[in-house]
Amino acid sequence: GTVGIVDPLSISDLRPLADTLHAKEVVGHALTSDLKIFADRFDEVPARIFDCQVAAAFCGYGLSISLADLVRDLLGHRLKKSQTVSDWSARPLTARQLEYLVDDVLHLLDLRERLVERLRDTGRLEWFTEECATLAEVERYRSDAGRAYLRIPGTNRLNRRELGVLRELAALRDRIARERDVPLKYVIADDVLAGLATLRPHRLEDLQQLRRLDPPARKALGGAILEAVARAERLPEDQLPAKPVRPPNQREGLVNVMNVVVGTIAQRNELPASLLVPRSALERVARDVPADRPAFERALELSPWRLALVGEPLWRLLSGAATLSIEGYANGDPRISIS
């Protein structure tokens, strides 16, 4: 019946809060970023999670519905979002900011109750519970800094030396972001990192060629960037990262066909396709070609509820036991059919 606001800037040790939350079910909306902070800072996350955004996805709302839209649709209440772009580092917090913070959590328990009703009605509560169990796994939030560069768009266009530069720059960015306690993009954006890897600057003047790297950033980070590039330039060939493996063209086609099947199944179940199967899983089975269905299902590395939805249709299609066709196009109502 009460709302408490904890100011992390005024409390030196938040470990008691982290331990308390670890023993409770935590209800929130779009919790992944928050949980990563707990994993990084305290090496633990709450043992039980209820993410309203994930629940909404299982109820047909898509994966990116905002809390304000969900509260309005399910509870008929309009949240005041006037403080979304406030300076939350300034103290003291204003009365409007405090009102915003309270409003942001006040309806979560009612929202949880309404979403559970819908999940039960649709028979998806077990799927959702299974998914939330993965959100409570601390390993999910641990990233390998040595492989962070592989998540930057455009790596397939770089040669091995440029990939070595990108790896060093990504590790530098990760370290600085942790020191400053800010998101990676606030240090150097992904596209700027990729540009630096291609440019391979040797002098501070070279950095001026990247307009997205503004003068303050060049002044603050220029020396560290040049050192990272120099380290990568000194690496012997056998220590450079390998180029990311992409499926051959024919297998890229397999991935695209499987994507169509996954999209069709997702549409039938009113789920976002991205919630069902990551593209990396489809690329893996297209590249490795498992010998039988058990090996195929293991290679997909999907949770049970996902596998129950897509495992059989994908295996039947790839093994030639099913066909993909389009019906109703001539009548202006095209539908993809799997039979």
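**Close-up 1. The second largest pocket of the predicted model.** The volume of this pocket is about 1300 Å³. Its lining is made up of 40 residues, and those closest to the pocket centre are R151, P278, S280, A281 and R284. Helix 3 (52-58), helix 7, helix 12 (273-276) and helix 13 (279-288) are the elements that each give two or more residues to the lining.

**Close-up 2. Make-up of the lining of the second largest pocket.** Helix 13 contributes the most to this lining, with five residues. By class, the lining residues comprise 18 nonpolar, nine polar and 13 charged.

**Close-up 3. Packing of helix 7 against helix 15.** Helix 7 covers residues 125-135 and helix 15 covers residues 304-318. Their axes lie 8 Å apart, and the helices pack at an angle of about 125°. On the helix 7 side the contact involves W127, E130 and E131, and on the helix 15 side P304, W305, R306 and L309. This contact has four nonpolar and three charged residues, with no polar ones.

**Close-up 4. The aromatic pair W88 and Y100.** Seven aromatic pairs are found in a search of the whole structure. In the pair of W88 and Y100, the ring centres are 5.6 Å apart and the planes stand at 35°, so the pair is tilted. W88 is in the loop between helix 4 (67-75) and helix 5 (95-106), while Y100 is in helix 5; the pair therefore ties together parts that are 12 residues apart in sequence.

Methods
Residues are numbered from 1 along each chain as its sequence is written. This is a predicted model: local features need pLDDT of at least 70, side-chain atom pairs count only at pLDDT 80 or more; totals for chains, interfaces and linings use all residues. Side-chain values use heavy atoms; hydrogens and water are left out. Axes are lines fitted to C-alpha atoms, for helices over the stretch in contact, and angles run from 0 to 180 degrees between N-to-C directions. Helices (H or I, at least four residues) and strands (E, at least two) are DSSP runs, numbered from the N terminus. Contact means heavy atoms within 4.5 Å. Ala, Val, Leu, Ile, Met, Phe, Trp, Tyr, Cys and Pro count as nonpolar, Asp, Glu, Lys and Arg as charged, and the others, Gly among them, as polar. On a 1 Å grid over the protein atoms alone, a cavity is a set of points where a 1.4 Å probe fits but cannot get out, and a pocket is an open set with protein on both sides within 12 Å along at least five of seven lines; lining residues have an atom within 4 Å of a point. Grid points are joined across faces, edges and corners, and a volume is the space filled by probe spheres set on the points. Rings of Phe, Tyr and Trp (its six-membered ring) pair if their centres lie within 6.5 Å; planes under 30 degrees apart count as stacked, over 60 as edge-to-face and the rest as tilted.
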